[in-house]
Amino acid sequence: MSALKHDLFSVVPKHYQHILALAFAVNEINENPHILPNLTLGFHIHDSYNNIRRTYHATLLLLSALERFIPNYLCDNQKNLVAVIGGLDAQISTHVATLLKNYKVPQLIYGSVPLMNDKSLGLTFYQMVPHEALQYTGILSLLLHFKWIWIGVLVMDNENGERFLQTVLPKFSESGICFAFIKRVPMLTSVSELNSMFDDGAKIHTEVRNSTANVVVFYGESNSMVFLRWLPYFSEHPPNLPKGIVWITTAEMELTALVYQRYWDTEIFDGALFFTIHSNNLPEFIPFVEGLNPFSTKGDGFIRDFWQQAFGCVFTNPDVVDVEGDICNGEEKLENLPAPFFEMSMNGHSYSIYNAVYAVAHALHDMSSSRLKHRAMEDRGLKLQNQELWQLHHFLKRVSFNNSSGDKISFDQHGELLAGFDVINWIVSPNQSFHRVKVGRVDPSQIFTINGDAITWHSSFNQSHPLSLCTERCHPGFRKKLKEGEPFCCYDCIPCPEGKISAQEDVNDCDKCSDEKYPNKNRDVCIPKNLSFLSYEEPLGISLAFFALFFSLITAFVLGTFMKHHNTPIVKANNRDLTYTLLISLLLCFLSALLFIGRRDWSMCLLRQTAFGIIFSVAVSCVLAKTITVVLAFMATKPGSRMRKWVGKGLTTSVVFSCSFVQAGICTVWLGSSPPFPDVDMHSVNKEVVLECNEGSVPMFYCVLGYMGFLAIVSFTLAFLARKLPDSFNEAKFITFSMLVFCSVWVSFVPTYLSTKGKYTVAVEIFSILASSAGLLGCIFAPKCYIIVLRPELNNREHLIRNKA
């Protein structure tokens, strides 16, 4: 068993845990009689030194004999290379895989995955990390969950960073995420690049500090943390980043520190959200780590170097008399080290190494258990030859087991681990101690879960949910209006137009309420409209009904008075039958107004307009007949006039019947072609659903009114011309005034009717019916009733003859 370890040009003590995870897994397997009972696993560790040449050299050492650099030559059976675990960065893995493909040796990658469209090039590796697309889904879900739509982006300046910009950020944009800035972080591989890093870092520091975005997504690799820890120190002033930032980092990054960064401020990481490879607690690992001691641990060539770098002490050397610095005494406690230097619990990368060792062990176990695959094994013991190890791929692809913490380990058809990512919240205390809290997860099925209440935010946010917006959100009742030339996340908020609402924040357009509802004052909710119709239960309906009945009673009283005094001269002189017909029609006119009040139905809608039109036509026809009678009567009094034969009941009956018949014919055509019907008007009045009678054919309705108006105008004209005829009881004067009132009412009715809405339209028509009928009643019959009731002495024939002109 072999592994490659990658360090930056300065020591990263935290990576020592990767070695411990490897050793811990191998020890567990070798002590477990149920896995590889006839085999003992071993391992070699080599460093790549972040150098292509050294990476190839280390890989060739793995393929050579022990302590002899002769590739392809093995002189004993003590070193059988089964698999390689590594490396931490994608570039290392690519170089290693380039050599291993010739030997068909599998590589299990626990860090960044090499950038390749597919594995058709023959590079044989297995990913101990889930597919990166799952991580990007989790980051996007996290941003959308907290509604962080205005973010900054930092990416490593390499091929993987460019791929992130080209393929991932467009998907973020499609989901409504805008970018305050996008910056490429320089790759630091040598001391000579420090000046360039300082220049670029100062620009990035200024961008982050001046940006209104409070959330920054950092796509990086294992050495990216070096730059992030430098960020506060790029300031021209004392190290600072004068505002809180919610850092969201990818799983390839760990919270690490170089040795010289031991005392650097780490407040920048307070409240950060790290996506990490899913890991679980391994109870036996902590006792294993606690048992380490540089003076008693054997076979670990790294522990002394780690101890010196992590604790800042030195070991005594017999060859050196004076030793500078504190002496390492072995009593130092690993649990006292800061988290960027070392953690007692396994982090994501160490957990992946642990699972990688077990994956190889289970694959070897399955391979050794297959008789068909190992017929050439000797009876005295199991001996695996290199030429047989290529078959390990077959078993690695199909490996499936539960590790000691209960997590299932298996690969998909692409050699990618079927697992998820954890979301870790880093909490930095004032004493620079760290706490790591798991607050979310992305499952392999792309289900994202987050516990926002468990997150501790940066102290500058006062533990309130941070916002990251270009502009303040548009509240309900408003909609977004994009600013020209700026990202779509930057906009103005304008009120919803009349008749529309927005019930949510940041809507692009307002929604129109359904016909049954209307917007409230704030235009953020639709309210059900009230049913509206002129009813007997409201003051307006009660008032109109009262006046209709009141005038009906007066009309009935006048009719009774005339019938009681039907033999008096004043009644006889005004054509009793025609008078009775007119009074009865006026009584029906007043009562017809009641047809317009109350909830409408089919019968009411069919009856009310036609009844109104016919009854009023009868009334106006009677007035017209009276007018004609007056004119003809005067003309008949002249000597030798031929008009005498036209004066009589036959003429009045013909006038009333013919004029009324024409109106009845118009109404019949109306009812036969397009009759009125019950309808609902949802648009005329904003807050009401008006129950009304649709006129069916509006032209026919105006034909009815027009014909009635025609009769009134003819009557008015004739009465006006006959108003000065010499007669004490000359009705032409009263008819003239009554027709003037009648025509004035109905001429004003048309514009008023068209300008009103809802139940008030009906009220206008009722008022016109009552006013015009009352005008006819008062103007024509009030003078006669005055004489009949109050001045009966004037109601005699002598008075009539004496006052003739």
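Predicted model: local features only at pLDDT ≥ 70, side-chain atom pairs only at ≥ 80, totals over all residues.
Okay, α4 runs over residues 132–145 and α5 over residues 159–174, and the two pack at an angle of about 40°, axes 11 Å apart. That makes α4 oblique to α5. As for handedness, the crossing of α4 past α5 is right-handed.

Who's touching whom? On the α4 side you've got Glu-132, Tyr-136, Ile-139, Leu-140 and Leu-143, and they meet Arg-163, Phe-164, Val-168, Lys-171 and Phe-172 from α5. Sort the residues of that contact by type and you get seven nonpolar, three charged and no polar.

Ser-772 sits in helix α19, which spans residues 759–790. Is Ser-772 buried or exposed? Its relative accessibility is 0%, so Ser-772 counts as buried. If you skip the neighbours within four places in sequence, Ser-772 is in contact with Phe-616, Phe-742, Val-745 and Trp-746. With Trp-746 there's also a polar contact, side chain to side chain, at 3.1 Å.

Last one, Glu-416. You'll find Glu-416 in the loop between β14, residues 408–410, and β15, residues 421–428. Even out in that loop, Glu-416 counts as buried, because its relative accessibility is 10% and the cut-off for buried is under 20%. And what does Glu-416 touch, leaving out residues up to four places away in sequence? That would be Gln-127, His-131, Ser-410 and Phe-411.

Okay, over to you.

Technical notes
Residues numbered from 1 in each chain as written. Heavy atoms only, no water. Axes fitted to C-alpha atoms, helices over the stretch in contact; angles between N-to-C directions. Helix = DSSP H or I, 4+ residues; strand = E, 2+ residues; numbered from the N terminus. Parallel < 35°, antiparallel > 145°, perpendicular 65-115°, else oblique. Left-handed = near helix turned anticlockwise from the far one by under 90°. Contact = heavy atoms within 4.5 Å. Nonpolar A, V, L, I, M, F, W, Y, C, P; charged D, E, K, R; others polar. Buried < 20%, exposed > 50% of the residue type's maximum accessible area, 1.4 Å probe, protein only. Polar contact = N/O pair within 3.5 Å; in protein donor to acceptor, adjacent residues only side chain to side chain.
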